Amino acid sequence: MKKLFLPIVLMICFSPLTMQAQFGDLLNKAKKVLEKPGEELDISGGLKEALESGVNEAVTSLSTKDGYYASPYKVLIPDEAQKIISTVKKVPGFGNVEEDLIKKMNEAAEIAAKEATPIFVDAIRGMSFDDAKNILFGEENAATDYLEGQSRKSLYSKFLPVIQKSLDEVNAREYWNSVVSQYNKVPFVKKMNPALDDHVNEKALDGLFSLIEVKEKKIRTDIDQRTSPLLIDVFGQLDN
């Protein structure tokens, strides 16, 4: 029973709805839960299920057609490329260069996002009870921070060849090379050739983790987001 007490207190403290409650109220809530004979809550299991749900929704959303392009996570032109764009768009035939390139970069990000789920699942399933305890005691985006710390490096490595291939599938790198080539023909300009690969990769990952964070906050605070008995049991304690 003692082993159950700490997780229950942490669960209660974690909720934005009870952060303003007095300490005595928190102890009373914990006591009520502890008085239920034989009840045990799979806290780490609940967090894992919540994260998998958030990940699946985020990946599905961003990997669809225009998933990035039509979202707040749209991949934009890298800052160092703006000078090139501003110059080349004045050349006949390149008037829409910025919008064309943005569409191609986001299409590449959407293709790459489909590769994310297995890496996320490995990171989630590797979560220990101590990880779960720290997440529950942390900020409202603590689970997303944990997930990013565990998986971003692997995701970057996995995404990069996919991003490169995807950029080529939509002719983005060839198109960008023609833009840069045109820019470098302008007299007296400093020759430039900023790569798109790393930029698209980093921004695609930024958008993915940002959307997962949104999903995490919803499942903590919105009862309707708890779509299984385990989620209801674990996160339902926050509402008592």
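## Basis

Residues are numbered from 1 along each chain as its sequence is written, and side-chain values use heavy atoms, leaving out hydrogens and water. In this predicted model, local features need pLDDT of at least 70 and side-chain atom pairs count only at pLDDT 80 or more, while totals for chains, interfaces and linings use all residues.

## Overall fold

The protein chain has eleven helices and zero strands. Helices (H or I, at least four residues) and strands (E, at least two) are DSSP runs, numbered from the N terminus. Of the 240 residues, 45% count as buried. Buried means under 20% relative accessible area, exposed over 50%, and partly exposed in between (1.4 Å probe, protein chains only).

Contact means heavy atoms within 4.5 Å. Among contacts between residues at least 6 apart in sequence, 80% join residues at least 24 apart.

## Nonpolar core

The largest nonpolar core has 55 residues. Such a core is a set of buried Ala, Val, Leu, Ile, Met, Phe, Trp, Tyr and Cys residues joined through side-chain atoms within 4.5 Å. Tyr68, Phe120, Leu147, Phe159, Trp176 and Leu208 have the most contacts inside this core. Helix α8 gives the most to the core, with nine residues.

Phe159 is in contact with Ala112, Ala113, Ala116, Asn201, Ala204, Leu205 and Leu208, leaving aside neighbours within four places in sequence. Helix α6 (residues 117-125) has Ile119, Phe120, Val121, Ala123 and Ile124 as its buried residues. They pack against α3 (43-63), α8 (142-169) and α10 (197-221).

## α3 against α10

Helices α3 and α10 pack at an angle of about 135°, with their axes 9 Å apart. Axes are lines fitted to C-alpha atoms, for helices over the stretch in contact, and angles run from 0 to 180 degrees between N-to-C directions. That makes α3 oblique to α10. Angles under 35 degrees count as roughly parallel, over 145 as roughly antiparallel, 65 to 115 as roughly perpendicular, and the rest as oblique.

Residues of α3 in the contact include Ala50, Gly54 and Val55. From α10, they include Gly207, Leu208 and Leu211.

## Arg152

Arg152 sits in helix α8. Arg152 is buried, with a relative accessible area of 17%. Its side chain makes polar contacts with the side chains of Glu148 (2.9 Å) and Asp206 (2.8 Å). A polar contact is a pair of N or O atoms within 3.5 Å; within protein, one must be able to donate a hydrogen and the other to accept it, and residues adjacent in sequence count only if both atoms are side-chain atoms.
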